[in-house]
Amino acid sequence: MSKAKNGRLTRKDGVWDPLKTSSADKQRAESVPKTPQSMSPSYRLAYADEDFLCREELRPIRLQLELLKTEMSLTERGIKSTVVMFGGARIPAPGASAWAARNEVQRANLEAASVYYEEARKFARLCSRYSAGFDFHEYVVVTGGGPGVMEAGNRGASEEGAPSIGLNIVLPHEQAPNVYVTPELSFNFHYFAIRKMHFMVRAKAIAVFPGGFGTLDELFECLTLIQTGRMERLPLILFGEKFWREIINFDALADFGTIAPDDVKLISFVDTAEDAWKIVSDFYEHDNGH
């Protein structure tokens with residue numbers, strides 16, 4: 001709420017609003033004398049009562065709040081499109097130890113996979129360099145906000161002086177925000193479904209690096225949306241063709257008949273950031289000299 005020249009109160013969008021704000025009444029309610037009545041949970045303002053908001057019956061409201069909070073923040077920031085980067089939290093940076101390894105085979109594989117950390121970092125830099133031409137309103141890098149490939153994506157954007165988004169989720173492990181996420185664009189979720197919606201609603205391209213169950217879940221969610229026409233076709237790029245061909249036999253699905261032969265063409269395989277960016281650039285007919 002702000003005051004116009006005539007002293008009247010208006011909202012920040014300029015609309016006249018004579019009502020007291022919810023935040024003002026929250027402060028007022030907190031200042032009343034402490035009595036058994038005012039300290040009772042029943043006396044709390046409903047919108048300021050965390051215990052009430054966490055009740056099972058309020059789940060529809062919480063879903064809506066998680067959708068609205070991030071959407072409003074990105075809209076206010078002017079972010080119109082994003083490049084989504086999925087990939088394993090357990091993949092270390094080059095030269096770093098594989099902290100998640102449970103045996104020597106895993107350690108060797110994860111440390112060799114650090115090449116994908118570096119390619120993710122490079123790809124994010126290329127996206128962010130192009131995004132600068134749009135005042136960082138288009139092609140903004142978005143990751144899951146955690147370590148590994150996610151960290152690499154936010155790190156690459158940060159190295160270009162670009163903002164980047166982190167969509168974290170509450171998990172028992174692995175999901176503290178990495179230090180490269182733009183603080184004002186660092187979000188946290190309880191509901192996987194709402195988090196997935198925010199990955200998709202502004203996506204102009206999706207890059208998927210080697211990862212585990214979470215990465216596979218995100219990949220197949222995207223593929224299903226595009227295959228069924230619920231989402232426009234866009235560049236869906238898998239880094240590390242050897243990895244993906246060993247993990248998923250896409251051609252066998254087509255041969256068996258559970259997907260159409262052309263569905264395999266929804267996917268592009270690359271091994272380098274430059275090749276990935278060329279796919280995005282060609283798809284949208286960019287001027288690479290921009």
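This is a predicted model: local features need pLDDT of at least 70, side-chain atom pairs count only at pLDDT 80 or more; totals for chains, interfaces and linings use all residues.
Two packed helices are described by the angle between their axes and the distance between the axes. Helix α3, which spans residues 59-77, packs against helix α7, residues 192-200, at an angle of about 30°, and the two axes lie 9 Å apart. Since angles under 35 degrees count as roughly parallel, α3 and α7 are therefore roughly parallel to each other. The crossing in which α3 passes α7 is right-handed. On the side of α3, the contact is made by Leu63, Glu66, Leu67, Thr70 and Glu71, while α7 contributes Ile194, Met197 and His198. Taken by class, the residues of this contact between α3 and α7 comprise four nonpolar, two polar and two charged.

Helix α7 also takes part in the lining of the largest pocket, to which it supplies at least two residues, as do strand β3 (82-86) and the helices α4 (104-112), α8 (213-227) and α9 (241-247). The volume of this pocket is about 1100 Å³, and its lining is formed by 40 residues, among which Gly88, Arg90, Gly211, Gly212 and Phe213 lie nearest the centre of the pocket. The largest share of the lining, amounting to six residues, comes from α8.

Methods:
Residues are numbered from 1 along each chain as its sequence is written. Side-chain values use heavy atoms; hydrogens and water are left out. Axes are lines fitted to C-alpha atoms, for helices over the stretch in contact, and angles run from 0 to 180 degrees between N-to-C directions. Helices (H or I, at least four residues) and strands (E, at least two) are DSSP runs, numbered from the N terminus. Angles under 35 degrees count as roughly parallel, over 145 as roughly antiparallel, 65 to 115 as roughly perpendicular and the rest as oblique. A crossing is left-handed if the near helix is turned anticlockwise from the far one by less than a right angle, and right-handed if clockwise. Contact means heavy atoms within 4.5 Å. Ala, Val, Leu, Ile, Met, Phe, Trp, Tyr, Cys and Pro count as nonpolar, Asp, Glu, Lys and Arg as charged, and the others, Gly among them, as polar. On a 1 Å grid over the protein atoms alone, a cavity is a set of points where a 1.4 Å probe fits but cannot get out, and a pocket is an open set with protein on both sides within 12 Å along at least five of seven lines; lining residues have an atom within 4 Å of a point. Grid points are joined across faces, edges and corners, and a volume is the space filled by probe spheres set on the points.
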